[in-house]
Amino acid sequence: MNIRLIYHLLLKLYPRRFYANYAEEMEAVFASALQTARLNGFSAWLTALCREFIVFSADLFRQYAYERSRYRRFLMTPSPKPRRFYIARTMTRLVGLLAALFYLDVLVRYVPNNPQVIPLVAAFILTTLSVLLVWRWERLAGVTTMACALLVALTGAYATYTYEASMGEVITWGVVLATLLWGLPYLIVGALFVKFAQATEAVRS
Amino acid sequence: MTTSNSDYLPLTEATFLILLSLAPSAKHGYAILKTVQELSDGRVRLSTGTLYGALDRLLDLGWIERIDEGDKEGERGRKSYQLSDLGRRVLQAEMNRMVALVTLARREMSAE
């Protein structure tokens, strides 16, 4: 894997606005800087390379902090999106994340005695990761969270069905179908992520 | 409430050098990087991320402007950066501040 490709991929970690504005230029400057350093020998090239990669995380952090303050400034100015939009968006993210982590924690405790819960645990791990994506890729996180909601519903129904079957009980289809509702909160959270993403994009444009 | 140029002072060394590098003419990213290095005798070596982070802030402040050099055959147009009138005034204010400090220091040192 060549270094420019690694840098190209790393640039994708930058906030979306910054990436869209500068990624192409940054990649070209990075390539030129290394090319020039190479003319001065291997150690110069290595020093330039190390400087770029060592400082990268600090630059990234600084840019996210700036992006946040920039967004807050934008919210403070009279705009179509009032402050409560920002609060509602943050609340949705936190509620989605806390709910996923809570259910994950509860289910993990059940795993030793109930192996049929494992697919549901996997679904909740995916849901948690999907909710975490929202801080970087809002719309994508919305779509994946909705997909995870479906997965949670299906694996939940499967876990209930196999549990009742393993206990030799008469399968109560009403209960199995009711577990399909487990996915509903994430369906709502995912849909809200998409709506917030659309609203944010509309304001930015 | 209005802000005057002096409200932004003092500038960080990197910001000062970036603005100074753009004072004579518009430059693209890599040229700024090299000029900053030359102006500081190799002491300040900006990483690409630091440079573009600073340029982004300066654009937001309106101290510099981004200009498109126009599309060339087979490649997208290269972007250059130039100092705005406001940026030039801020740079001048920072230079005045530095001169005042140096004058003060010289006077105090010679009085010893």
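Start by selecting B:R107 and B:E108, whose side chains meet in a salt bridge with N and O 3.8 Å apart. A salt bridge here is a side-chain nitrogen of Lys or Arg within 4 Å of a carboxyl oxygen of Asp or Glu. B:R107 is exposed at a relative accessible area of 52%, while B:E108 is partly exposed at 45%. (Buried means under 20% relative accessible area, exposed over 50%, and partly exposed in between, with a 1.4 Å probe and protein chains only.)

Before moving on, two notes. This is a predicted model, where local features need pLDDT of at least 70 and side-chain atom pairs count only at pLDDT 80 or more, while totals for chains, interfaces and linings use all residues. Residues are numbered from 1 along each chain as its sequence is written, chains are lettered from A and ligands numbered from 1 in the order in which they are written, and side-chain values use heavy atoms, leaving out hydrogens and water.

**Next stop: inside chain A**

Select A:R4 and A:E27, another salt bridge, at 3.2 Å from N to O. A:R4 sits in helix α1 (residues 3–11) and A:E27 in helix α2 of chain A, so the pair ties together parts 23 residues apart in sequence. (Helices are DSSP runs of H or I with at least four residues, strands are runs of E with at least two, and both are numbered from the N terminus.) Which of the two is buried, and which partly exposed? A:E27 is buried, at 15%, and A:R4 is partly exposed, at 41%.

**Then: where the chains meet**

Now show both chains. In contact (heavy atoms within 4.5 Å) are 23 residues of chain A and 20 residues of chain B. Together the chains bury about 1800 Å², 48% of it on carbon and sulfur atoms; buried area is the accessible area (1.4 Å probe) that two parts lose on being put together, summed over both. Highlight A:Y22, A:E25 and A:V29: they supply 30% of the area chain A buries against chain B, more than any other three residues.

How many salt bridges are counted between chain A and chain B? There are 3. Zoom in on B:R66 and A:E25, whose side chains form a salt bridge at 2.3 Å, N to O.

**Last stop: two helices**

Select residues 48–61 of chain B, helix α3. Its buried residues include B:L51, B:Y52 and B:L55. Just after this helix, B:G62 takes a positive phi of about 80 degrees.

Finish with residues 83–110 of chain A, helix α4. Among its buried residues are A:F85, A:Y86 and A:L97.

How values were computed: The expected span of a helix is 1.5 Å times one less than its number of residues.
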